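Me: I would like to learn how to read a structure that is new to me, one feature at a time. Could you take me through this one slowly?

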Amino acid sequence: MRISTKGRYGLTIIVELGKRYGEGPVPLRKIAEEQTLSEAYLEQLIPLLRNGGLVKSIRGAYGGYKLSKEPCEMTAGDVIRLLEGPIQLVEGLEETDIPQQSLWLKISEAVREVLDTTTIEDLIQSERNQPQSDGYMFYI
């Protein structure tokens, strides 16, 4: 299974909205600027996230996007499945030899388990717990 740019950027949008959950709508332009991503590409992803029920849009001068539910109630698996489709490691599994079939099923289940037990809140907390680098490099 390969997570494309669509899945990675979509997850980035969701995490950024999760960081600001409860603060009101966030313009897509702000996320694009902060993450140095293409706003035009994010604009292509946001309808998928909105139609999939993960985000809500707010119109107007102070409009933007916000999560449709709390970050602790949404998983990485929700986002990846919506944008990438079913989490499937190997296609045509039925035609594979039984020993290999078992291996591919175990690996697919492990990937699903990680994605489905990792909430957006977990990702936000993970980022907050990372030591911040001030960008300086010291040589001795």
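Me: At what angle do α2 and helix α3 pack, and how far apart are their axes?
Reply: Bear in mind from the start that this is a predicted model. A pair of helices can be read from the angle between the axes and from the distance between them, and here α2 and helix α3 (residues 39–51) pack at an angle of about 130 degrees, with axes 9 Å apart.

Me: How do the axes of α1 and α3 cross?
Reply: The axes of α1 and α3 come within 10 Å and cross at roughly 75 degrees. Because angles of 65 to 115 degrees count as roughly perpendicular, α1 is roughly perpendicular to α3. On the α1 side the meeting involves Thr5, Lys6, Tyr9, Gly10, Ile13 and Ile14, and on the α3 side Tyr41, Leu42, Leu45, Ile46, Leu48 and Leu49. The classes in this contact are nine nonpolar, two polar and one charged.

Me: What order do helices and strands follow along the sequence?
Reply: The chain has six helices and two strands, and along the sequence they come in the pattern α-α-α-β-β-α-α-α.

Me: In which sense do strands β1 and β2 pair?
Reply: The general idea is that side chains in a regular strand alternate between the two faces of the sheet. In this structure, β1 (residues 55–58) and β2 (residues 64–67) pair in the antiparallel sense over four bridges, and Lys56 has Lys66 in β2 as its bridge partner. The hairpin of β1 and β2 has five residues between the strands, and in this hairpin Gly60 takes a positive phi near 115 degrees.

Me: Is Gly7 buried or exposed?
Reply: Burial is judged by relative accessible area, with under 20% counting as buried, and Gly7 is therefore buried at 0%. Gly7 lies in helix α1 and, leaving aside neighbours within four places in sequence, is in contact with Ile80, Leu83 and Glu84. The C-alpha atoms of Gly7 and Leu82 are separated by 8.6 Å, although these residues are 75 residues apart along the chain.

Me: What about residues in loops: where is Arg20 found, and where does Thr119 lie?
Reply: Arg20 is found in the loop between α1 (5–19) and α2 (28–35), and with a relative accessible area of 13% Arg20 is buried. Beyond its neighbours within four places in sequence, Arg20 is in contact with Val26, Lys30 and Glu34. Thr119 lies in the loop between α5 (98–117) and α6 (120–128), and at 16% relative accessibility Thr119 also counts as buried. Not counting residues up to four places away in sequence, Thr119 touches Pro71, Cys72, Met74 and Thr75.

Me: What share of the residues of the chain count as buried?
Reply: Of the 140 residues of the chain, 31% count as buried. For contacts across the whole chain, those between residues at least 6 apart in sequence are considered, and 67% of them join residues at least 24 apart.

Terms used:
Residues are numbered from 1 along each chain as its sequence is written. This is a predicted model: local features need pLDDT of at least 70, side-chain atom pairs count only at pLDDT 80 or more; totals for chains, interfaces and linings use all residues. Side-chain values use heavy atoms; hydrogens and water are left out. Buried means under 20% relative accessible area, exposed over 50%, partly exposed in between (1.4 Å probe, protein chains only). Contact means heavy atoms within 4.5 Å. Two strands pair if DSSP finds at least two bridges between them. Axes are lines fitted to C-alpha atoms, for helices over the stretch in contact, and angles run from 0 to 180 degrees between N-to-C directions. Angles under 35 degrees count as roughly parallel, over 145 as roughly antiparallel, 65 to 115 as roughly perpendicular and the rest as oblique. Ala, Val, Leu, Ile, Met, Phe, Trp, Tyr, Cys and Pro count as nonpolar, Asp, Glu, Lys and Arg as charged, and the others, Gly among them, as polar.
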